[in-house]
There are 2 protein chains.
Amino acid sequence: MPGEFDLIRWIQSQHKPSDLVLTGPGDDLAVLKWPANELLLVGVDQVLDGVHFDSTLHSPRAIGRKVMNRNLSDCAAMACLPAAAVATVALPRSVDLEYAKELYLGMRDAADPFACEVVGGDTASWEGKLAMTVAILGRSAGVQPVLRSGAKPGDGIYVTGPLGGSILGRHMTFTPRIFEAAVLVRKHPITAMIDLSDGLSRDLRHVCEQSNVGAVIDASSIPIHDDAIMASRQDRRIPLEHALHDGEDHELLFTTAPDANVPHVRIGTVTAEPGIFIDRDGQRAPLEPKGWEHAI
Amino acid sequence: MPGEFDLIRWIQSQHKPSDLVLTGPGDDLAVLKWPANELLLVGVDQVLDGVHFDSTLHSPRAIGRKVMNRNLSDCAAMACLPAAAVATVALPRSVDLEYAKELYLGMRDAADPFACEVVGGDTASWEGKLAMTVAILGRSAGVQPVLRSGAKPGDGIYVTGPLGGSILGRHMTFTPRIFEAAVLVRKHPITAMIDLSDGLSRDLRHVCEQSNVGAVIDASSIPIHDDAIMASRQDRRIPLEHALHDGEDHELLFTTAPDANVPHVRIGTVTAEPGIFIDRDGQRAPLEPKGWEHAI
């Protein structure tokens with residue numbers, strides 16, 4: 001029967017040496033020569049069967065792409081460039097070596113366009129369901145990383161694309177906004193940024209809390225995705241509700257100086273007073289966070 | 001009901017700023033200023049309920065310690081010093097916020113003595129079993145990382161401690177041999193090293209394959225742990241078999257120049273001819289790898 005070392009040997013055969021990676025997959029750790037004068041950004045995200053994907057519906061290739069793309073989207077949110085990644089997979093007993101290879105190839109599908117190398121990992125099989133993680137290393141590439149904490153009163157609030165209804169399929173196929181972020185920070189004074197993974201109403205709250213500011217959103221300006229309209233037909237919640245609260249859009253939400261001329265959709269304004277409000281049909285009301293949060 | 005953001009806020013409150021970490025937990029990624037002239041080592045390991053621990057027997061504190069210690073042991077195997085880590089946890093619905101905090105505190109128990117900081121992570125709850133991962137960043141700290149691939153014919157083969165029977169409990173409580181490795185590489189020409197996680201017979205094979213060499217082991221010189229003797233009473237396999245094939249000892253196996261005077265137990269010699277053999281009672285026989293491998 002094939003085992004993890006067959007997989008590791010195959011993965012080693014897929015790896016090409018580079019200036020960054022002195023020792024790739026196959027030792028206890030990978031060895032990297034980190035570029036001088038570049039900050040190192042690091043984070044990790046997981047995908048779990050039944051939560052972030054459904055293994056009875058989604059291919060292993062699509063699952064591998066998603067776990068990598070979730071991490072690449074975090075790089076976009078910080079305006080850094082992905083450089084290297086390590087991954088774990090917990091395989092159910094029911095899958096085979098080809099399935100594991102497809103998970104790996106899915107990660108490579110997502111990472112290769114950004115020259116992000118998969119430099120190590122850990123594979124195990126268990127009596128549980130499929131779980132994958134990717135930890136990502138990003139490099140600052142000559143710009144200061146954009147934090148959630150820099151929004152200033154008067155800043156405009158923007159999003160990079162239409163929102164809502166990603167559960168209809170887009171949550172598996174989104175493109176991380178790495179190039180958009182790289183262009184933005186080089187041309188405009190971006191003060192805070194986050195990727196929309198938990199839903200606009202919740203992610204905007206993260207930015208406001210960490211920046212010690214409030215926000216007013218204009219409901220009529222929020223770009224609604226066609227999927228939000230489709231989803232609304234299914235559950236009778238209005239499309240705006242989907243755009244405000246659905247998770248996993250993976251567009252960027254950012255703030256920038258009042259006079260910036262940014263080629264994205266402005267949806268509101270940062271305020272000095274705490275609290276997040278939405279203006280709708282001439283009325284102002286608090287915007288409650290209804291996005292995704294894992295209960296514990 | 002408490003949620004992941006309560007946990008994240010609590011974790012943020014546990015974090016102290018440092019020279020290495022410019023932005024710690026709570027943003028999309030952590031931001032680190034990697035020390036100039038230090039190589040960056042990176043890897044990841046997971047622990048899964050029913051494979052690496054048993055959640056009905058082991059405390060969350062012990063589980064958190066183990067997942068961190070597995071990664072710290074990889075740092076020992078490369079002779080680097082751990083600097084920072086990120087973690088994921090997939091929580092079953094049955095556990096609460098206090099349980100999640102204990103997992104975190106277990107990781108800190110293991111990491112703090114080495115000044116290794118937990119700088120980020122990802123928490124989710126699901127209908128599955130408990131799964132944790134840690135990805136670790138190590139720094140070369142002025143020495144060349146020790147790979148598996150450097151063993152030379154004539155080198156002595158050594159281990160840092162007695163082997164076998166870790167399943168009786170030591171697999172949850174081992175101490176990663178970071179200090180031992182740091183001393184070794186500064187005093188002796190260590191040519192290859194690995195930590196014994198899959199069992200001596202299998203891990204020695206990794207070293208030999210990656211170094212393109214063979215090995216002869218002297219059975220009488222292998223240090224047998226008391227736990228191997230205990231285990232042998234339970235399953236009637238002789239203690240030597242446990243010492244040769246049991247996994248998760250997390251002692252170091254290393255090779256060094258023939259004339260090195262190393263304060264550890266020598267168990268054999270590297271050979272130019274491929275193949276791994278064991279001398280026992282005047283007879284030489286192939287040493288088959290019976291250690292741990294996840295079937296896929």
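This is a predicted model: local features need pLDDT of at least 70, side-chain atom pairs count only at pLDDT 80 or more; totals for chains, interfaces and linings use all residues.
Modeller: Local features need pLDDT of at least 70 and side-chain atom pairs count only at pLDDT 80 or more, while totals for chains, interfaces and linings use all residues. Residues are numbered from 1 along each chain as its sequence is written, chains are lettered from A in the order in which they are written, and side-chain values use heavy atoms, with hydrogens and water left out.

Biologist: Happy with that! Why is the pair B:Arg148 and A:Asp27 called a salt bridge?

Modeller: The term asks for a side-chain nitrogen of Lys or Arg within 4 Å of a carboxyl oxygen of Asp or Glu. The closest N and O atoms of B:Arg148 and A:Asp27 are 3.7 Å apart, so the pair meets the rule. Across the interface of chain B and chain A, the rule finds six salt bridges.

Biologist: What makes strand β2 (residues 30-32) of chain A and β3(B) a pair?

Modeller: Strands are DSSP runs of E with at least two residues, and two of them pair if DSSP finds at least two bridges between them. Here there are three bridges, in the antiparallel sense, so the strands pair. Within β3(B), B:Leu41 is the bridge partner of A:Val31.

Biologist: How do you know that A:Arg236 is exposed?

Modeller: Exposed means over 50% relative accessible area, buried under 20%, and partly exposed in between (1.4 Å probe, protein chains only). A:Arg236 has 77%, so it is exposed. A:Arg236 also has a positive phi of about 65 degrees, although it is not a glycine.

Notes:
Helices (H or I, at least four residues) and strands (E, at least two) are DSSP runs, numbered from the N terminus.
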